[in-house]
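Good morning, and thank you for joining.

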Amino acid sequence: MLKRSSIKVDYAPRSLHWYNGALMDWVSGILHKLDGEKQRIGYKMGYRFDAVRYSPDGVYAVIYERLGTKAVILKQGEILREISRSYYCAEAYEYPVEIIKLPEGYALIHCPDKYNQIEIELIESGRRITKMEGRHPGDCFHARFQTNPSNTHLLNAGWVWHPYGFLELHDVRKAIEDNNEFDNSSFSLPIHDEVGSAAFLDDDLFVVGTTGEGFMDPNEPEEPGLGANQIGLFSIAKNRFIKTCSVDREFGVLIPMTVDYVLDLYEHPKVIDINTGSVLETFPDIESGKQRTAIVHHPELMPPVALALSERKIAVGTSTTIEILEWPE
């Protein structure tokens, strides 16, 4: 089902993203072409940066320390400015940051002031778009931001004290007009277990995976929804899960491939049929980490991963190779 190829490397890449058909490690300043050629197009960052978010046009990138407080915004490889987040529990969970394209221009979604307060600011100037005063955000740790391709909705797969993973879906324009939508989301998702992973497939559909931790509310939910150890495909337009399946093994970070399949990255890549929960293909010799929720504590559990969803391919960095997996439509 998946086509596999490899690029040999003489160092362990620290961050990866697809850049003009090649793989860029902005932290190390090295471009890896698919034929194995290596080209230095930037300078090596001296700090502990180990992750990247980038704009679709490749102009902007944010490199950051996943379990730290510092990040740097790059424009065409040059430092534009630095940003930070709260120290509070920063060593435990992923830095919340995403680049989004708005009518006002490219902007940054992050939590620069408080661990529990989402802000949006223009990436060039830093001018804040979220401007409401007197906000009272809920006591939650935002993480793993991801926007859909048209930049209308934002997934927020963070956690609250128990600890317990949760998922919020935000209408971006509505939240800009009323910042309370970020602070206390009014969009309730029918999920009845701890959220481990969530990711967009397209503008309307996203996948969600649960951990089997159990329902946080002691009262059993009345409405149907996503239960323990399940993967679901949710439609924003229909406001419901259009597919759910139970999985009889641990799974972690999910990459949506099509409406029928996801790629699970727990320990090694596995193709899961979300109609049945069956594992169809595995790559046991590719170490792809052991992350299951936003709370990680150990950065070595998260190897560098680059996803090009529109081109249906993913790259995973190891100490000796960059492994590339591609799938058909």
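Is Asn116 buried or exposed? Asn116 is buried, as its relative accessible area is 9%; buried means under 20% relative accessible area, exposed over 50%, and partly exposed in between, with a 1.4 Å probe and protein chains only.

Before I continue, a note on the source: this is a predicted model, in which local features need pLDDT of at least 70, side-chain atom pairs count only at pLDDT 80 or more, and totals for chains, interfaces and linings use all residues. Residues are numbered from 1 along each chain as its sequence is written, and side-chain values use heavy atoms, with hydrogens and water left out.

Asn116 sits in the loop that joins β11 (105-110) and β12 (119-122); strands (E, at least two residues) are DSSP runs, numbered from the N terminus. Leaving aside residues up to four places away in sequence, Asn116 is in contact, meaning heavy atoms within 4.5 Å, with Pro137, Gly138, Asp139, Cys140 and His142.

Cys140 is itself buried, at 7% relative accessibility. Its sulfur lies 8.6 Å from the closest cysteine sulfur, in Cys111, which is too far for a bond. A disulfide is a pair of cysteine sulfur atoms within 2.5 Å, and the structure holds zero of them.

Finally, the sheet. Three strands form an open, antiparallel sheet in the order β13-β14-β17, where pairing requires at least two bridges found by DSSP between two strands. The edge strands are β13 (145-147) and β17 (168-171). Strand β14 (residues 153-156) pairs with β17 over four bridges, and Leu155 has Leu169 in β17 as its bridge partner.
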